[in-house]
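Reader: I am new to this structure. Please walk me through it in short steps.

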Amino acid sequence: YNTGQTTPYKLGGFGIMNFSAAYTYQVDASALKSVKLELNIDNLFNRRSIYNSQVAEPPAVATRYNWVAYEPPLFAGLTVTAKLF
């Protein structure tokens, strides 16, 4: 919850790159019409970037704390989709 207060802490900008590619194979079979292969890569260069942070100080909380969330590391996924009939 943002109460409109500012803090002396600064969070710099960042950027990540994701990649996606797909190819559809047409198949001449009675039940199978096509097969689609899709490759997805998140955080292609595996950069460690902060995308969220929070600072809480008394009296809102009992003790001061900092919380930082980083971008997830490199992830690659392959999806196979078949179109029937």
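Reader: Which element gives the most to the nonpolar patch?

Author: This is a predicted model. Its surface carries a nonpolar patch formed by Phe-19, Tyr-23, Tyr-25, Leu-37, Leu-39, Leu-78 and Val-80. The elements that give two or more residues to this patch are β1 (19-26), β2 (32-42) and β5 (75-84). The top contributor, with three residues, is β1.

Reader: How much accessible area do the patch residues have together?

Author: The protein exposes about 7,100 Å², and carbon and sulfur atoms supply 56% of that. The patch lies on the surface.

Reader: Is Val-80 buried or exposed?

Author: Val-80 sits in strand β5. A residue needs over 50% relative accessible area to be called exposed. Val-80 has 54% relative accessibility, so it counts as exposed.

Reader: Over how many bridges do β1 and β2 pair?

Author: Tyr-25 stands opposite Val-35 in β2. The two strands β1 and β2 run in the antiparallel sense. Their pairing extends over eight bridges.

Reader: Is Ser-49 buried or exposed?

Author: Ser-49 lies in the loop between β2 and β3 (50-56). Buried means under 20% relative accessible area. Ser-49 has 4% relative accessibility, so it counts as buried.

Reader: Which residues is Ser-49 in contact with, leaving aside its neighbours within four places in sequence?

Author: Ser-49 is in the loop between β2 and β3. Setting those sequence neighbours within four places aside, its contacts are Phe-14, Gly-15, Ile-16, Ala-69, Tyr-70 and Glu-71.

Reader: What share of the residues in the protein is buried?

Author: Ser-49 is one of the buried residues. The protein has 85 residues. Buried residues make up 11%.

Reader: What pattern does the protein follow along the sequence?

Author: The protein has zero helices and five strands. Among contacts between residues at least 6 apart in sequence, 54% join residues at least 24 apart. Read along the sequence, the pattern is β-β-β-β-β.

Terms used:
Residues numbered from 1 in each chain as written. Predicted model: local features only at pLDDT ≥ 70, side-chain atom pairs only at ≥ 80, totals over all residues. Heavy atoms only, no water. Patch = residues over 30% accessible without salt bridge, like charges linked within 9 Å, V, L, I, M, F, W, Y side chains within 5 Å. Areas by Shrake-Rupley, 256 points an atom, 1.4 Å probe, with all protein chains shown as cover. Salt bridge = Lys/Arg side-chain N within 4 Å of Asp/Glu carboxyl O. Helix = DSSP H or I, 4+ residues; strand = E, 2+ residues; numbered from the N terminus. Buried < 20%, exposed > 50% of the residue type's maximum accessible area, 1.4 Å probe, protein only. Pairing = 2+ DSSP bridges. Contact = heavy atoms within 4.5 Å.
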